[in-house]
Amino acid sequence: MNSYCSRCGGTGWIHQCRFPVRTDSYLCCADADLATDICPMCFGAGKPNRDPEISSYWQRILASGNLDFDGLGSWTPYKSKLHAAGHWLFQRPLRKMGRRYSHFERLLDRGHRIADSQQRQFDLSMMRQVLTIAFLRHYFPLLLDEPVLVIGDAYGMMASLVHLSAHLPVIVCNLRPCLDEDIRCFQQACGDDALRALVPVEAHNKRALRDSQFGLAINIASFQEMNLSVIHEYLDIVREKKAFLYCCNRLEKTLPDGSVIRWQDYWKPEDRFIINEPCPWHQYYYSLMPPFYHSYEGLIRHALVKFR
């Protein structure tokens with residue numbers, strides 16, 4: 001097998017403008033609009049995808065070498081009190097939403113402390129994770145009495161919140177570059193001694209989760225970026241444990257290779273939904289562009305599922 005992508009010739013691009021190319025092998029280089037498009041076969045890496053477990057979405061992210069925003073969720077560095085005041089103002093509707101949950105204010109304070117320890121802005125992504133844990137602790141407090149599995153964390157935020165608020169061991173399963181960031185950020189937020197409570201698992205070793213103990217698994221906005229076969233593998237592991245799953249993902253998302261990941265395809269008929277509704281804090285995002293609050297392209301649901 002060639003060590004380079006047969007479509008881009010190892011360049012990472014869909015054509016080579018400086019060299020003659022055959023239009024039956026490459027897209028025609030006469031089309032200037034395609035001059036910077038990444039090869040849809042290798043996603044800019046110059047090599048074919050050799051790992052069928054990694055989706056085309058993550059192939060593209062890893063090939064680019066840029067995990068920020070698209071890869072790990074937003075990371076907003078702290079800039080000034082003025083920027084912080086802007087986020088605080090835009091987050092007012094979310095704070096109002098959170099006050100219906102008994103643990104929200106304490107968790108919000110934890111979230112701000114985590115942001116300070118990492119020299120980052122307490123942004124929309126962090127607020128949503130605070131709301132998620134506040135929601136679970138308010139309605140289902142017993143869920144946070146056992147170790148928690150976080151599938152696809154973002155800068156260790158969920159793992160840090162769970163550990164600091166409930167003093168529980170946390171298992172984090174993620175792709176290697178993302179997992180390294182999870183560990184680093186968890187250490188910043190929780191301290192060196194807390195690393196003993198963190199169990200990192202690389203995604204390609206996910207089968208090791210069968211030997212782990214947890215009562216709740218959490219996945220937020222990352223199942224929608226995985227191949228369906230990988231989603232099913234994670235769900236089968238949680239089913240074997242007869243554990244709970246909190247899942248928050250888009251109803252439908254099209255990946256770069258054209259595959260469509262649908263919420264309805266995750267589940268089996270015997271899965272028992274305790275909550276299954278549009279997620280209130282994942283329906284819009286804010287920006288400086290009027291009208292300031294904007295809807296996402298697709299509906300995002302959250303569910304709490306008891307597997308049996």
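**Entry 1: ground rules.** I am working with a predicted model, where local features need pLDDT of at least 70, side-chain atom pairs count only at pLDDT 80 or more, and totals for chains, interfaces and linings use all residues. Residues are numbered from 1 along each chain as its sequence is written, and side-chain values use heavy atoms, with hydrogens and water left out.

Entry 2: I looked up phenylalanine 292, and at 37% relative accessibility it counts as partly exposed. Its phi is near 80°, a positive value in a residue other than glycine. Phenylalanine 292 sits in the loop between β9 and β10; helices (H or I, at least four residues) and strands (E, at least two) are DSSP runs, numbered from the N terminus. That loop, between β9 (284-286) and β10 (293-295), also holds proline 291. I found the peptide bond from proline 290 to proline 291 to be cis, with omega near 10°.

I placed lysine 242 in the loop between α8 (228-241) and β5 (244-250). Lysine 242 counts as exposed because its relative accessibility is 52%.

**Entry 3: a helix pair.** Two packed helices are described by the angle between their axes and the distance between the axes. I took α4 (residues 104-117) and α5 (residues 124-139): they pack at about 145°, with axes 9 Å apart. Axes here are lines fitted to C-alpha atoms, for helices over the stretch in contact, and angles run from 0 to 180 degrees between N-to-C directions.

I then listed who meets whom, with contact meaning heavy atoms within 4.5 Å. From α4 the list includes Phe104, Leu107 and Ile114, and from α5 it includes Met126, Val130 and Arg137. By class, this contact has eleven nonpolar, one polar and two charged residues. For those classes, Ala, Val, Leu, Ile, Met, Phe, Trp, Tyr, Cys and Pro are nonpolar, Asp, Glu, Lys and Arg are charged, and the others, Gly among them, are polar.

**Entry 4: arginine 137.** I stayed in α5, where arginine 137 lies. Leaving out residues up to four places away in sequence, arginine 137 touches His103, Arg106, Leu107, Leu144, Ser165 and Ala166. Arginine 137 is buried yet has no salt bridge, and the nearest side chain of opposite charge is aspartate 145, 6.5 Å away. Lys and Arg count as positive and Asp and Glu as negative, while His and the chain ends are not counted.

**Entry 5: salt bridges.** My search of the whole structure gave 13 salt bridges, each being a side-chain nitrogen of Lys or Arg within 4 Å of a carboxyl oxygen of Asp or Glu.

- Arginine 184 pairs with glutamate 181 at 2.6 Å, N to O. Both lie in α7 (residues 176-190), three residues apart, about one turn of the helix.
- Glutamate 252 pairs with arginine 262, the closest N and O atoms being 3.3 Å apart. This pair links distant parts of the chain, with glutamate 252 in β6 (residues 252-254) and arginine 262 in β7 (residues 260-262), ten residues apart.
- Glutamate 105 bridges to arginine 99, with closest N and O atoms 3.1 Å apart. Glutamate 105 is partly exposed, at a relative accessible area of 43%.
- I also noted a salt-bridge network linking Asp236, Arg239, Lys268 and Asp271.

Terms used
Buried < 20%, exposed > 50% of the residue type's maximum accessible area, 1.4 Å probe, protein only.
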